[in-house]
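Visitor: Could you walk me through this model? I'd like to start with the overall layout and then get to the details.

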Amino acid sequence: MLTKGLEDYLELIYQAILKNKNIKAVDIANEFKISRSSVSEALIRLADLDLIIYEGRKGIKITQQGVVEAKKIINRHNILLKFFSEVLNIDYQIANKNACKIEHVIDDEVLNKIQLFSEFCLKKAINKELI
């Protein structure tokens, strides 16, 4: 099972690779303002779960399974962000901060209901604008 921290690392790794950036443990340590040794331990755990290939100083590569997991994490975040910012009209920065926290603990059934409710509300808003 992935912890919040491991999910954050995987998400960061995936986003860096999408931007064609080579990412190393030191980059993650700098981003999260934590020790490189803590990051190395976490990367070893991600590698043990077959989500990444950790080659020490050579950098980090993401596996296909890692891509699938990273996309799930990002999708959860985006669903929550859209709900908070577009449906509840919460300031984007606050919505984003809370989506980051909740994305790690939300149940799939609850997330699916939030997504359906968001789509319903946004369709209704669009239909009102067309009238």
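Guide: What follows is a short talk through the fold, the cores, the charged pairs and a surface patch.

Visitor: Before that, what kind of model is it, and how are residues numbered?

Guide: This is a predicted model, in which local features need pLDDT of at least 70 and side-chain atom pairs count only at pLDDT 80 or more, while totals for chains, interfaces and linings use all residues. Residues are numbered from 1 along each chain as its sequence is written, and side-chain values use heavy atoms, with hydrogens and water left out.

Visitor: Fine. How many helices and strands does the chain have?

Guide: The chain has six helices and two strands, taken as DSSP runs numbered from the N terminus (helices are H or I with at least four residues, strands are E with at least two). Their order from the N terminus is α-α-α-β-β-α-α-α, and the C-alpha trace spans about 60 × 25 × 25 Å along its principal axes.

Visitor: And what share of the residues is buried?

Guide: Of the 131 residues, 37% are buried, where buried means under 20% relative accessible area, exposed over 50% and partly exposed in between, with a 1.4 Å probe and protein chains only.

Visitor: Which residues touch the most other members in the largest nonpolar core?

Guide: That core has 24 residues, and those touching the most other members are Leu10, Ile13, Ile28, Leu43, Leu46, Ile52 and Ile62; a nonpolar core is a set of buried Ala, Val, Leu, Ile, Met, Phe, Trp, Tyr and Cys residues joined through side-chain atoms within 4.5 Å. Two or more residues each come from helix H1 (4–18), helix H2 (25–32), helix H3 (36–48), strand E2 (60–62) and H4, with H1 giving the largest share, seven residues. Another core, of ten residues, lies apart from this one and includes Leu80, Phe84, Leu111 and Ile114.

Visitor: What does Ile28 contact?

Guide: Beyond its neighbours within four places in sequence, Ile28 is in contact with Tyr9, Leu12, Ile13, Ile23, Val39, Leu43 and Ile60, contact meaning heavy atoms within 4.5 Å.

Visitor: Last topic, the surface. Which residues make the nonpolar patch of about 240 Å²?

Guide: Leu88, Ile90 and Ile94 make it. Patches are made of residues with over 30% relative accessible area and no salt bridge, like charges being joined within 9 Å and nonpolar side chains (Val, Leu, Ile, Met, Phe, Trp, Tyr) within 5 Å, and accessible areas come from the Shrake-Rupley method with a 1.4 Å probe, only the protein chains shown counting as cover for residues. Leu88 lies in the loop between helix H4 (64–87) and helix H5 (92–102), and is partly exposed at 44%.

Key: Salt bridge = Lys/Arg side-chain N within 4 Å of Asp/Glu carboxyl O.
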